Amino acid sequence: MKSYGINRYKKDSALQLIDLPEPVVKENEALVQIYAASVNLLDSKIKSGEFKLILPYKMPLILGHDVAGVITKVGSKVKSFKVGDEIYARVADFHIGTFAEFISINEKDVALKPKNLTMEEAASIPLVGLTAWQALIEKSNVQAGQKVFIQAGSGGVGTFAIQLAKYLGATVATTASEKSFELLKSLGAEVLIDYKTQNFEDILMDYDVVLNSQDSKTLEKSFNILKSKGKIISISGPPTPTFADEFNLPWYVKLVTKLLSCKIRKKADKQNINYSFLFMKADGKQLAEITKLIEAGEIKPVIDKVFSFENTNEAVKYVESGRAKGKVVIKML
């Protein structure tokens with residue numbers, strides 16, 4: 001089968017077209033013919049080696065975390081899915097590889113595709129949807145009437161998180177360029193801040209939750225808008241020892257996370273703020289809950305561009321440019 005991947009970590013290198021055998025299906029897995037995949041910044045960060053301490057992959061490595069497709073074969077112990085099912089998934093770490101024609105996925109990471117979405121739309125959802133779900137529901141327990149600040153609202157995570165926070169009954173503030181304001185209003189954002197001309201820390205106050213996806217300076221400023229006992233969930237770091245324990249990382253990685261997060265953890269303690277780092281996990285059951293919201297019309301996909309499989313490298317470059325509004329999708333079939 002055709003696939004796109006890397007033979008070594010390198011920031012500016014293009015993905016290579018690699019011909020591989022069709023995956024072997026284990027007893028608890030389903031073989032999926034891939035119709036569409038989406039590109040995430042995580043793919044670029046893995047390509048450049050940014051996560052090699054946390055995710056020490058073996059080479060060659062096929063990239064791609066999101067998938068929508070049709071099951072063509074199931075393992076002997078698969079109970080929830082059958083051949084012919086249309087599914088979508090965020091494939092688990094160490095089992096990635098959706099920039100390919102086929103992939104074998106553990107059934108616990110799979111959910112039935114929302115009936116009202118195309119394959120391309122479905123492929124845009126899993127990673128960003130699960131990130132928002134785990135940040136706002138699992139870690140933050142956002143309640144109706146609370147105030148939530150979602151940075152970079154026009155990005156993949158932002159467009160989904162705004163809709164989820166609004167569904168939960170929160171007042172949503174976000175940052176973006178002014179040209180994205182109409183889109184973000186339509187998704188449920190009520191307080192819109194032009195990051196080019198305004199400082200969010202001068203406008204927002206007494207917020208309950210911040211979803212941080214930006215640099216360390218933005219993270220530090222975010223403390224100033226929170227009420228006491230407020231929560232910051234960061235998907236861009238720094239990682240914490242708690243995260244290292246959750247992922248059962250080696251002792252030297254735990255030491256690194258302790259050093260990297262020391263300053264921000266001290267700041268959080270001093271200001272009575274709850275800080276946590278989120279590295280989202282694949283979860284088919286959570287994805288099935290997201291499916292219900294999509295089929296009910298509560299959340300809709302936001303797609304910027306769709307590229308052909310042959311143009312996978314162009315899709316990756318476009319995501320790396322930072323210009324995408326919503327998600328970038330690769331169409332295989």
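Predicted model: local features only at pLDDT ≥ 70, side-chain atom pairs only at ≥ 80, totals over all residues.
User: Thanks! How many bridges are there between strand 10 and strand 11?

Analyst: There are 4, in the parallel sense, and strand 10 covers residues 171-176. Two strands count as paired if DSSP finds at least two bridges between them. Strand 9 and strand 10 also run parallel, joined by 4 bridges, and F149 has A173 as its bridge partner in strand 10.

User: What's the strand order in the sheet?

Analyst: The order is 11-10-9-12-13-14, an open sheet of 6 strands with parallel pairing. Strand 11 (191-194) and strand 14 (274-277) are the edge strands, each pairing on one side only. On average, neighbouring strands are turned by 15 degrees against each other, direction ignored; the axes are lines fitted to C-alpha atoms, for helices over the stretch in contact, and angles run from 0 to 180 degrees between N-to-C directions.

User: And is strand 10 mostly covered or open?

Analyst: Mostly covered, as 5 of its 6 residues are buried. Buried means under 20% relative accessible area, exposed over 50%, and partly exposed in between (1.4 Å probe, protein chains only).

User: New topic: where is S104?

Analyst: S104 sits in strand 7, residues 102-106. S104 counts as buried because its relative accessibility is 11%.

User: Which side chain does S104 have a polar contact with?

Analyst: That of E29, at 2.8 Å. A polar contact is a pair of N or O atoms within 3.5 Å; within protein, one must be able to donate a hydrogen and the other to accept it, and residues adjacent in sequence count only if both atoms are side-chain atoms.

User: Last one: what are the domains?

Analyst: Domain 1 is 2-124 + 283-331 and domain 2 is 140-277, with bounds from an automatic or database domain assignment. Their centres, taken over C-alpha atoms, are 26 Å apart.

Technical notes. Residues numbered from 1 in each chain as written. Heavy atoms only, no water. Helix = DSSP H or I, 4+ residues; strand = E, 2+ residues; numbered from the N terminus.
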